[in-house]
Amino acid sequence: MTTVLPDSSDPVGFTCACPARTEGGSILLFYRYWANSPTLPADHLSKTKDPQALADFHQQLISQLQLGGKFRLATEGYNITLGGTGSAIEKYIEACSAHWSFAGIDLATPKARDAYFKPTPGCACAFNGKASLRVTAEITPLGITNYSPTSWSSVTSLPPAEFHELLEKGDIPLLDVRNHYESRIGYFVVGDGTVAVRPAVRRFSQWPGYVVKHVLGNDMYKKPQGIATYCTGGIRCEKGARWMQEALENEGGSGGAPVYTLHGGIVAYQAWMEEEVKAGRKKPEDSLFKGRNYVFDARGAIGDQEAVSACHGCGRSEDRLGWHSLL
């Protein structure tokens with residue numbers, strides 16, 4: 001039976017002990033801000049004021065389908081990572097597709113569902129078979145109380161193919177919106193091989209402070225080409241990139257230059273690149289994401305790229321660096 005907890009720590013390793021060993025399983029990574037596109041239909045807006053009712057919906061599915069993961073629900077939306085067996089995940093997605101909280105999202109085809117839920121190999125065991133479900137003030141704390149973007153449409157969200165094309169040009173500043181321990185084991189480069197700027201922050205709530213100290217007033221970020229940003233699954237860029245853009249505009253130094261984000265984050269880019277390689281349109285070395293993608297579960301990291309980092313103790317190549325070993 002899956003245990004539903006108010007909160008739990010990240011496991012550091014796991015061995016699958018559930019039916020996913022034979023039938024396979026997946027881990028989903030998805031989120032939604034009600035106010036962002038695609039916006040929630042007006043007839044459902046009143047329901048967003050009661051996130052506990054939404055929590056009850058997910059808790060029922062957790063118990064019924066033996067799911068593990070992290071569920072963060074708020075009046076602004078939801079942020080969810082969960083794992084389960086193949087059959088459980090299929091039933092979960094079916095239930096979600098019929099629920100009001102997913103109204104307006106294109107889930108009509110298997111391709112559309114994969115694009116939104118972003119499945120990767122795994123199961124509930126990656127969360128020790130436990131589910132942490134919480135109703136919170138924010139689904140991803142930015143560190144700015146009650147911040148909401150002035151305009152959700154002010155930042156351009158690019159699908160992986162267009163983001164790849166943008167970086168290939170090599171003439172745009174590239175900012176990693178993740179924590180330093182994540183960017184140690186994997187990061188994007190632009191076309192000439194220049195590595196993305198990787199802020200030395202330990203948590204997302206430190207991002208605004210980093211922007212104030214290192215982005216504002218920096219001529220590097222005043223180029224007419226704009227700024228490109230990315231994160232694991234897209235959610236941190238939703239507010240992080242918009243807060244940065246607003247700060248630059250208030251400073252008067254951005255000149256209205258565009259700010260871009262990677263739609264679906266690194267997870268979506270890895271899935272796109274995998275398809276490109278399978279179709280023979282690209283080679284593995286064409287990927288502009290180098291290393292592996294850090295994830296907040298016992299898998300540690302995902303992706304098939306060679307390690308770009310080393311153990312800080314012995315110097316051996318390593319791609320599963322934990323946050324506790326890098327502080």
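1. In strand β11, Val 259 is the bridge partner of Ile 227. The two strands concerned, β10 (residues 227-230) and β11 (residues 259-262), pair in the parallel sense over 3 bridges; pairing requires at least two bridges found by DSSP. Strands (E, at least two residues) and helices (H or I, at least four) are DSSP runs numbered from the N terminus.

2. The model is predicted: local features need pLDDT of at least 70, side-chain atom pairs count only at pLDDT 80 or more, and totals for chains, interfaces and linings use all residues. Residues are numbered from 1 along each chain as its sequence is written, and side-chain values use heavy atoms, with hydrogens and water left out.

3. An open sheet of 4 strands runs in the order β7-β11-β10-β8, with parallel pairing. Because β7 (156-158) and β8 (174-176) stand at the edges with a single partner strand each, one side of each has no neighbour in the sheet. On average, neighbouring strands are turned by 30° against each other, direction ignored.

4. Helix α8 (residues 235-251) packs on this sheet and touches β8, β10 and β11; contact means heavy atoms within 4.5 Å. The direction of α8 makes about 155° with that of β10, where angles run from 0 to 180 degrees between N-to-C directions of lines fitted to C-alpha atoms, for helices over the stretch in contact.

5. The axes of helix α5 (residues 160-168) and helix α9 (residues 265-278) come within 9 Å and cross at roughly 90°. Helix α5 is therefore roughly perpendicular to α9 (65 to 115 degrees). Pro 160, Ala 161 and His 164 of α5 meet Ala 268, Tyr 269, Trp 272 and Met 273 of α9.

Technical notes
Angles under 35 degrees count as roughly parallel, over 145 as roughly antiparallel, 65 to 115 as roughly perpendicular and the rest as oblique.
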